[in-house]
Amino acid sequence: MHDELQAMSVKGGIDHLQVPALFVVGENDSITTPSQVKADYKRYKGSKSFSVLKDSHHLPLKDAAESLKKTMLVFLEAGEYISEEH
């Protein structure tokens with residue numbers, strides 16, 4: 001499966017999406033680097049937010065769980081994507 005993952009590319013796949021997205025990357029992630037995530041963030045046309053987690057690597061759930069939780073809550077509480085029926 002490693003070869004398939006290496007061949008996978010999201011380039012072009014996100015260019016026309018309009019779903020609110022939270023881009024999160026670990027500051028020390030050497031697998032999906034902050035510069036790679038930032039490039040995808042810049043191309044994304046929908047509502048978006050970008051966050052680099054300090055002292056985190058590729059698994060923020062493991063090494064930066066509290067920072068990840070706070071980042072996600074801020075994004076979700078912004079509520080730009082939530083529609084309420086009146």
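Student: Is Asp-40 buried or exposed?

Tutor: In this predicted model, Asp-40 has a relative accessible area of 18%, which is under the 20% cut-off, so Asp-40 counts as buried.

Student: What does the side chain of Asp-40 meet?

Tutor: The side chain of Asp-40 meets that of Arg-43 in a salt bridge, with 2.8 Å from N to O. Both residues lie in helix H2, three residues apart, which is about one turn of the helix. An α-helix has 3.6 residues a turn, so residues three or four places apart point the same way.

Student: And how accessible is Arg-43?

Tutor: Arg-43 has a relative accessibility of 23% and therefore counts as partly exposed.

Student: Which residues of H2 are buried?

Tutor: The buried residues of H2 are Val-37, Asp-40 and Tyr-41. Seen down the axis of H2, these residues fall within an arc of 105 degrees, so they line one face of the helix. Ser-35 and Lys-42 are exposed on the other side of H2, while the cover over the buried residues includes S1 and S2.

Student: OK, stepping back, how many helices and strands are there in the chain?

Tutor: The chain has four helices and two strands, and from the N terminus on its elements run α-β-α-β-α-α. Of the 86 residues in the chain, 22% are buried.

Student: Which residues make up the largest nonpolar core?

Tutor: The largest nonpolar core consists of six residues, namely Ala-21, Phe-23, Val-25, Val-37, Tyr-41 and Tyr-44. S1 and H2 are the elements that give two or more residues to this core, and S1 gives the most, with three residues.

Student: Take Val-25, then. What is Val-25 in contact with, leaving aside its neighbours within four places in sequence?

Tutor: Leaving those neighbours aside, Val-25 is in contact with Thr-32, Thr-33, Pro-34, Val-37, Phe-50, Ser-51, Val-52 and Leu-53.

Student: Ser-51 is on that list. Where is Ser-51 found, and is it buried or exposed?

Tutor: Ser-51 is found in strand S2, and with a relative accessible area of 16% it is buried. Leaving aside its neighbours within four places in sequence, Ser-51 is in contact with Phe-23, Val-24, Val-25 and Thr-71.

Student: What span should H4 have, and what follows H4?

Tutor: Helix H4 has 14 residues (residues 65-78), and at 1.5 Å a residue it should span 20 Å, which agrees with its end C-alpha atoms being 20 Å apart. H4 is followed by Gly-79, whose phi is positive, near 60 degrees.

Student: Back to salt bridges: how many does the count come to?

Tutor: The count comes to two salt bridges. Besides the pair of Asp-40 and Arg-43, Lys-54 forms a salt bridge with Glu-27, with the closest N and O atoms 3.6 Å apart. Lys-54 lies in the loop between S2 and H3 and Glu-27 in the loop between S1 and helix H2 (34-43), so this pair ties together parts that are 27 residues apart in sequence.

Student: Where does Asp-55 come in?

Tutor: Asp-55 is found in the loop between S2 and H3, and it is exposed, with a relative accessible area of 58%. Asp-55 and Glu-27 are 28 residues apart along the chain, and their C-alpha atoms are separated by 6.2 Å. Leaving aside its neighbours within four places in sequence, Asp-55 is in contact with Glu-27, Asn-28 and Asp-63.

Student: What about contacts in the chain as a whole?

Tutor: Among contacts between residues at least 6 apart in sequence, 65% join residues at least 24 apart.

Methods. Residues numbered from 1 in each chain as written. Predicted model: local features only at pLDDT ≥ 70, side-chain atom pairs only at ≥ 80, totals over all residues. Heavy atoms only, no water. Expected span 1.5 Å × (residues − 1). Salt bridge = Lys/Arg side-chain N within 4 Å of Asp/Glu carboxyl O. Buried < 20%, exposed > 50% of the residue type's maximum accessible area, 1.4 Å probe, protein only. Contact = heavy atoms within 4.5 Å. Core = buried A, V, L, I, M, F, W, Y, C linked by side-chain atoms within 4.5 Å. Arc of directions from axis to C-beta.
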